[in-house]
Amino acid sequence: MASSAVGKTFLFTILVLLLSSACCHAQLTSTFYETSCPNALTTIRTSIRNAIAKERRMSASLIRLHFHDCFVQGCDASILLDEAPSVESEQSALPNKDSARGYNVIQTAKTEVEKICPGVVSCADIIAVAARDASAYVGGPSWTVLLGRKDSTTASRSLAESELPSFKDGLDRLISRFQTKGLSPRDMVALSGAHTLGQAQCFTFRDRIYTNGSHIDAGFASTRRRACPTTGGDGNLAALDLVTPNSFDNNYFKNLIQKDGLLESDQILFSGGSTDSIVSDYSRSPSTFSSDFGTAMIKMGNLLNPNADQIRKICSAVN
């Protein structure tokens with residue numbers, strides 16, 4: 001009898017845990033604001049399109065902002081928080097300082113949404129929607145954004161320093177960083193394809209163009225040296241994709257096969273390692289890349305912060 005009772009208690013506990021888990025995953029849904037704020041997505045899309053129309057580079061910045069948010073504490077808009085007595089801003093972390101952009105674009109979208117539905121739509125959801133809309137605006141894939149995230153009341157500069165991928169990372173290190181977040185090597189390569197857009201600062205690729213020898217095309221290195229001297233000019237910008245820097249396409253992968261990856265962490269994806277075949281797949285099939293990119297963005301967007309519990313009125317500060 002006692003054994004039977006223990007067994008029933010155990011099964012009941014497991015059932016509760018499974019239901020709890022299902023509940024937590026089910027909180028993200030594409031129809032989350034269908035009743036509470038039916039015009040939210042249209043309002044966000046209009047705001048994001050206006051921002052990119054003014055500055056094409058903003059598309060890359062908004063996709064990157066979502067990535068840098070989700071990799072630290074989950075997708076909770078922690079990256080938007082300014083420094084405060086109770087907040088250690090992630091914006092000053094090395095991977096973000098003088099690099100991450102688009103904070104004001106998200107706040108503008110938030111302001112517009114607040115006008116129609118005050119206190120309903122989270123900043124974290126706006127970042128996720130903005131990334132999708134930014135991709136679509138410049139010819140990239142679109143995907144169904146799952147919604148219902150909450151905003152955090154904390155940020156972590158130390159986690160941003162330690163968990164965000166570095167432009168100096170080797171392949172094993174990159175794979176490990178992504179797997180820690182539940183993302184496969186294929187997800188990692190697909191997400192890296194966002195570097196078909198955007199620019200990088202000279203200090204992030206100087207070593208590669210001056211010392212990387214046979215791992216870089218000589219003509220490509222020579223071209224890049226014109227705007228990146230051996231000393232000085234650390235902030236000088238160069239397009240990550242020299243061919244079509246303002247269009248979301250699969251040229252990034254073609255560049256890697258030609259040894260024209262700008263960052264070491266780009267070229268390492270095609271350097272005789274386990275991800276070579278994925279790069280080759282994407283270089284041959286734009287549709288495969290687009291499909292996998294959307295899938296990977298959805299998976300990344302499901303990284304949640306269980307402690308996030310508010311809808312911020314202003315994205316840069318807790319309520």
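Hi everyone, and thanks for having me. Please keep in mind throughout that we are looking at a prediction.

Let's begin with the packing. The largest nonpolar core has 68 residues, and the members that touch the most other members are Leu80, Ile106, Leu269, Phe293 and Met300. Which helix gives the most to this core? That is helix H5, residues 123-137, with nine residues. There is also a second, separate core of 12 residues, including Cys202, Phe205, Ala238 and Leu240.

Let me stay with Phe293 for a moment. Setting aside residues up to four places away in sequence, Phe293 touches Ile63, Pro141, Trp143, Ala190, Leu191, Ala194 and Phe248. Over the whole structure, a search finds 13 aromatic pairs. One of them joins Phe253 and Phe289 edge-to-face, with 4.9 Å from centre to centre and 75° between the planes. Phe253 sits in helix H11, residues 251-257, and Phe289 in helix H14, so this pair ties together parts that are 36 residues apart in sequence.

The largest pocket holds about 1000 Å³ of space. Its lining comes from 40 residues, and those nearest its centre are Arg64, His68, Ser99, His195 and Leu263. Several elements give two or more residues to that lining, among them helix H7 (171-180), helix H8 (185-192), strand S1 (199-201) and helix H9 (202-211). Which element supplies the largest share of the pocket lining? It is H3, with six residues. By residue class, the pocket lining divides into 22 nonpolar, 11 polar and seven charged.

About 70 Å³ of space lies in the largest cavity. The residues that line this cavity include His66, Ala128, Trp143, Arg149, Met297 and Asn302. H14 gives the largest share here, three residues. The cavity lining divides into six nonpolar, four polar and one charged.

Last stop, the loop between H3 and H4. Ala93 is found in this loop, and at 0% relative accessibility Ala93 counts as buried. Which residues does Ala93 contact, leaving aside neighbours within four places in sequence? They are Arg157, Ala160 and Glu161. Ala93 and Ser156 are 63 residues apart in sequence, with 8.9 Å between their C-alpha atoms.

Two more residues here are worth a look for their backbone angles. As background, most residues other than glycine have a negative phi. Gln73, in the loop between H3 and H4, has a positive phi of about 75° although it is not a glycine. Asp98 lies in that loop as well, and its phi is also positive, near 55°. Is Asp98 buried or exposed? At 68% relative accessibility, Asp98 counts as exposed.

That's my tour, and I'm happy to go back to any of these places on the screen.

How values were computed: Residues are numbered from 1 along each chain as its sequence is written. This is a predicted model: local features need pLDDT of at least 70, side-chain atom pairs count only at pLDDT 80 or more; totals for chains, interfaces and linings use all residues. Side-chain values use heavy atoms; hydrogens and water are left out. A nonpolar core is a set of buried Ala, Val, Leu, Ile, Met, Phe, Trp, Tyr and Cys residues joined through side-chain atoms within 4.5 Å. Buried means under 20% relative accessible area, exposed over 50%, partly exposed in between (1.4 Å probe, protein chains only). Helices (H or I, at least four residues) and strands (E, at least two) are DSSP runs, numbered from the N terminus. Contact means heavy atoms within 4.5 Å. On a 1 Å grid over the protein atoms alone, a cavity is a set of points where a 1.4 Å probe fits but cannot get out, and a pocket is an open set with protein on both sides within 12 Å along at least five of seven lines; lining residues have an atom within 4 Å of a point. Grid points are joined across faces, edges and corners, and a volume is the space filled by probe spheres set on the points. Ala, Val, Leu, Ile, Met, Phe, Trp, Tyr, Cys and Pro count as nonpolar, Asp, Glu, Lys and Arg as charged, and the others, Gly among them, as polar. Rings of Phe, Tyr and Trp (its six-membered ring) pair if their centres lie within 6.5 Å; planes under 30 degrees apart count as stacked, over 60 as edge-to-face and the rest as tilted.
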